[in-house]
Structure formats: structure tokens, C-alpha cells
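Reader: Hi, I have a structure open and I'm new to this. Can we walk through it together?

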Amino acid sequence: MFNRSMYGALLRYQRTEAGYRKGDEFVADLSALGLKVPVATLYRIERGEQEPGYSFIAAVNLLLFGDAHSGAIIDSCIPEAWTEPEASSDIMRALSRSGALSRIKENGKEDRELEEYYDHVLSGINSYDFDVFPNGKCDEDHLYMTVRYGAFDEEFPENAVMESYEITDPGDVERSIINFLKSYHFNLPGKEVLDLVRYGERKMKEQLEAYEIYASR
């Protein structure tokens, strides 16, 4: 069954890794998401003394991983047969009676579509070939962002192309990425450009907040 001791230990590890050294800070952000939980409850769950409810698990996933349905913690806390039901004839029979078996077969189709997507990602230039990050020129009053194509190697710096841009408005992230692509004639499909822009916005979100750079109204 559900291993609440494992869940609690992994939760504590992921919480502290995310920078929440104190439980009070963590439950405050859970509250901002709409889940009000006492810090004492958090600690009981982390000690394995209390089983978390679905709302708690979903809110924690959203806060720590940006996805309410993430399996980063919970996948290690449920029986293996639940994640690989085809390995158990009893589970497969139960799923057949409930009608869920057809949905599992449909997931196989989703896997094939994912394989096709990976084939696309690994062929030709796409958003995965670029990186976006704050750079060393940043000081107390100025935020700078680097857009890079290719992996940087100190021994062979010519293998990477990169440019630095000052960021004074959230929209500068998008504008800088597009400017970089146009300057070096990277003709990416629109979807790849959108993926790269969204990636850049996620990478720079914390710095934008730290420098108190918000969209002008």
C-alpha cells in the first residue's frame, strides 16, 4: 500500500532542496495556492505519522514541481504493481471489469506519439539546442540575460554562439530571444520559438522578481 514514511522523507528532502528550510515558509506558500495546512500537520506527514490527502499531494506537486500531477515523489511511495499493472493478472482483471483497461491501451498510443516527438527533438536544430540564463554582468541595479546556442566548452569556445542582453522589462526576455534568433539567422518553426521563449521566461522568473522587474500597466 501507500508508503507514507517514504513519502514524508522524500517530501522533506525536496522541500529543503527547493530552499524551504523552515516549514512555516512552505505552508505559507501552500496557503497562497489555496491549501491551508498547519505546520504541525506538515511535520507529522514528513515523519510518516499522517497520510497526506489528495489535495495536499497535488498542492505540494504544484509548488515544488510546477505540475499538480507530478510523480516525482509519489511514484516511489506506491506499489510497483500500480505503476505497471500489466505485471499482475489480478490487477488486469480488476481493470478490465472497471473499464480502465481500454484507457491503459490508449496510453500506449500516447507513448508512440511521444517517441515521434523525441525523434523530432533529436533531428535538426530546435529549442533544445539553446539555453537562456542570467549572466555574470549582473550587478545590484542591472539584470543581464545570456542566450546561447550550442554547448559551451572553455577549450573550444567557438563551438557556442552567445549574446548578452540587459533586461529592464519582462517582455525583454521574449524580445532578446527573438533578436538573437534573427541576428544569427536561426529559422526555427514558430512552435520551437514559443517553447524557447517560455523556457527563457521560466529561467528568468526568479531574477525578475528579485530585481523587482514587473510588467508595466
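Predicted model: local features only at pLDDT ≥ 70, side-chain atom pairs only at ≥ 80, totals over all residues.

Reader: Which residues are buried in α8?

Author: In α8, the buried ones are G171, D172, V173, S176, I177, F180 and L181. Buried means under 20% relative accessible area, exposed means over 50%, and partly exposed lies in between, with a 1.4 Å probe and protein chains only. Residues are numbered from 1 along each chain as its sequence is written, and side-chain values use heavy atoms, with hydrogens and water left out.

Reader: What do the buried residues of α8 pack against?

Author: They pack against β1 (130–134), β2 (143–149), β3 (161–167) and α9 (190–210). Helices (H or I, at least four residues) and strands (E, at least two) are DSSP runs, numbered from the N terminus.

Reader: How many residues does α8 have, and how far does it reach?

Author: Helix α8 covers residues 171–183, which is 13 residues. From first C-alpha to last it reaches 18 Å, close to the 18 Å expected at 1.5 Å a residue. The expected span is 1.5 Å times one less than the number of residues.

Reader: Back to D172. How accessible is it?

Author: D172 has 12% relative accessibility, so it counts as buried. Leaving out residues up to four places away in sequence, D172 touches E166 and I167. Contact means heavy atoms within 4.5 Å.

Reader: And how far is D172 from E201?

Author: They are 29 residues apart in sequence. In space, their C-alpha atoms are 9.7 Å apart.

Reader: What comes just after α8?

Author: H185 does, with a positive phi of about 60 degrees. H185 is a residue other than glycine. It sits in the loop between α8 and α9.

Reader: Is H185 buried or exposed?

Author: H185 is exposed, with a relative accessible area of 65%. E212 also has a positive phi, near 55 degrees, and is not glycine either. E212 lies in the segment after α9. At 61% relative accessibility, E212 counts as exposed.

Reader: Let's zoom out. How many helices and strands are there?

Author: The chain has nine helices and three strands. Along the sequence, the pattern reads α-α-α-α-α-α-α-β-β-β-α-α.

Reader: How much of the chain is buried?

Author: Of the 217 residues, 31% are buried. As for contacts with a separation of 6 or more, 50% of them join residues 24 or more positions apart.

Reader: New topic: two helices. At what angle do α2 and α4 cross?

Author: The axes of α2 (residues 23–32) and α4 (residues 54–65) cross at roughly 100 degrees and come within 10 Å. That makes α2 roughly perpendicular to α4. Axes are lines fitted to C-alpha atoms, for helices over the stretch in contact, and angles run from 0 to 180 degrees between N-to-C directions. Under 35 degrees counts as roughly parallel, over 145 as roughly antiparallel, 65 to 115 as roughly perpendicular, and the rest as oblique.

Reader: Which residues meet there?

Author: From α2, F26, D29 and L30 meet F56, A59, V60, L63 and L64 of α4. The residues of this contact divide into seven nonpolar, no polar and one charged. Here Ala, Val, Leu, Ile, Met, Phe, Trp, Tyr, Cys and Pro count as nonpolar, Asp, Glu, Lys and Arg as charged, and the others, Gly among them, as polar.

Reader: Which residues of α4 are buried?

Author: They are F56, I57, A58, A59, V60, N61 and L64. What covers them includes α1 (4–17), α2 and α3 (39–46). After α4 comes G66, with a positive phi near 75 degrees.
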